[in-house]
Amino acid sequence: MKSPLISPRITAITAPLGLLAIAAATLIPIYQGSFSYSALSRWLYTIGAAVLLLSRLFGSVSVADLRLRRLYRIESWSAIFFCVAAFFMWYPEGSPRDWLAFTLAGAAIQIYTSFAIPARQRKVKNGQ
């Protein structure tokens with residue numbers, strides 16, 4: 001099996017940092033009372049999405065179970081959705097609903113995989 005390009009320890013640190021940056025950048029316009037973009041929220045969101053994408057793509061996990069590999073691949077798609085949302089934050093003709101829609105889609109995938117991956121790991125460990 002291929003070894004990951006980024007060590008699992010670094011991936012375990014960078015992925016949550018990227019998600020925290022995305023969450024903070026999403027909350028900034030909400031707390032301001034309007035969905036107008038500030039430079040801080042745009043940059044923070046974009047950096048968080050890029051860090052998460054790099055962490056997911058280059059920090060691959062080698063497992064034998066096919067369903068578990070698929071779940072990790074689905075988890076990578078959440079980072080892609082966040083990067084598309086970052087694009088819509090910078091797109092001049094975009095509206096807040098564009099980046100919020102992709103943010104919600106990425107968050108839904110992230111929530112699903114955060115429950116499905118540990119459940120599948122327990123089943124694999126127990127031999128089911």
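Leu20 is a residue of helix 1, and in this model, which is predicted, Leu20 counts as exposed because its relative accessibility is 56%, above the 50% at which that class begins. Its C-alpha atom lies 16 Å from that of Ser76, a residue 56 positions away in sequence.

The protein chain has four helices and zero strands, so that, read from the N terminus, its elements follow one another as α-α-α-α. The C-alpha trace spans about 50 × 25 × 20 Å along the principal axes of the chain, and 33% of the 128 residues count as buried.

Which contacts between charged side chains link distant parts of this chain? Side chains of opposite charge can pair when their charged atoms come close. The count of salt bridges in this model comes to two. In one of them Glu75 is joined to Arg56, with 3.6 Å between the closest N and O atoms; Glu75 belongs to helix 3 and Arg56 to helix 2 (residues 39–58), so this bridge links distant parts of the chain, 19 residues apart. Glu75 and Arg56 are both buried, that is, each has under 20% relative accessible area.

The side chains of Arg120 and Asp65 also meet in a salt bridge, at 2.7 Å from N to O. This pair, too, links distant parts of the chain, 55 residues apart, with Arg120 in helix 4 (residues 96–126) and Asp65 in the loop between helix 2 and helix 3. The C-alpha atom of Arg120 is separated by 12 Å from that of Ala64, which lies 56 residues away along the chain.

Helix 4 also holds Ala116, and Ala116 counts as buried because its relative accessibility is 16%. In sequence Ala116 and Leu71 are 45 residues apart, whereas in space their C-alpha atoms are 7.4 Å apart. A further pair of this kind is formed by Phe81 and Gly106, which are 25 residues apart in sequence and have 5.2 Å between their C-alpha atoms. Phe81 is found in helix 3, and with a relative accessibility of 23% it counts as partly exposed, since that class lies between 20% and 50%.

Phe81 leads on to the aromatic side chains. Together with Trp77, Phe87, Phe88, Tyr91 and Phe102, Phe81 forms one aromatic cluster. The structure holds eight aromatic pairs. Among them is the pair of Phe87 and Phe88, whose ring centres are 5.3 Å apart and whose planes stand at 65°, so that the pair is edge-to-face; an angle over 60 degrees is what places a pair in that class. Phe87 has a relative accessible area of 47% and is therefore partly exposed.

Which residues form the positive surface patch? The patch is made up of Arg67, Arg69, Arg70, Arg73 and Lys123, and helix 3 (residues 66–90) supplies its largest share, four residues. One of the members is Arg70, which is found in helix 3 and counts as partly exposed because its relative accessibility is 46%. A residue can join such a patch only with over 30% relative accessible area and no salt bridge.

The nonpolar patch on the surface consists of Leu5, Leu54, Leu57 and Phe58, which together have about 410 Å² of accessible area. Leu5 has its place in the segment before helix 1 (8–32), and with 68% relative accessibility it counts as exposed.

Terms used
Residues are numbered from 1 along each chain as its sequence is written. This is a predicted model: local features need pLDDT of at least 70, side-chain atom pairs count only at pLDDT 80 or more; totals for chains, interfaces and linings use all residues. Side-chain values use heavy atoms; hydrogens and water are left out. Patches are made of residues with over 30% relative accessible area and no salt bridge: like charges are joined within 9 Å, nonpolar side chains (Val, Leu, Ile, Met, Phe, Trp, Tyr) within 5 Å. Accessible areas come from the Shrake-Rupley method with a 1.4 Å probe; for residues, only the protein chains shown count as cover. A salt bridge is a side-chain nitrogen of Lys or Arg within 4 Å of a carboxyl oxygen of Asp or Glu. Lys and Arg count as positive and Asp and Glu as negative; His and the chain ends are not counted. The place of a charge is taken as NZ of Lys, CZ of Arg, CG of Asp or CD of Glu. Helices (H or I, at least four residues) and strands (E, at least two) are DSSP runs, numbered from the N terminus. Buried means under 20% relative accessible area, exposed over 50%, partly exposed in between (1.4 Å probe, protein chains only). Rings of Phe, Tyr and Trp (its six-membered ring) pair if their centres lie within 6.5 Å; planes under 30 degrees apart count as stacked, over 60 as edge-to-face and the rest as tilted.
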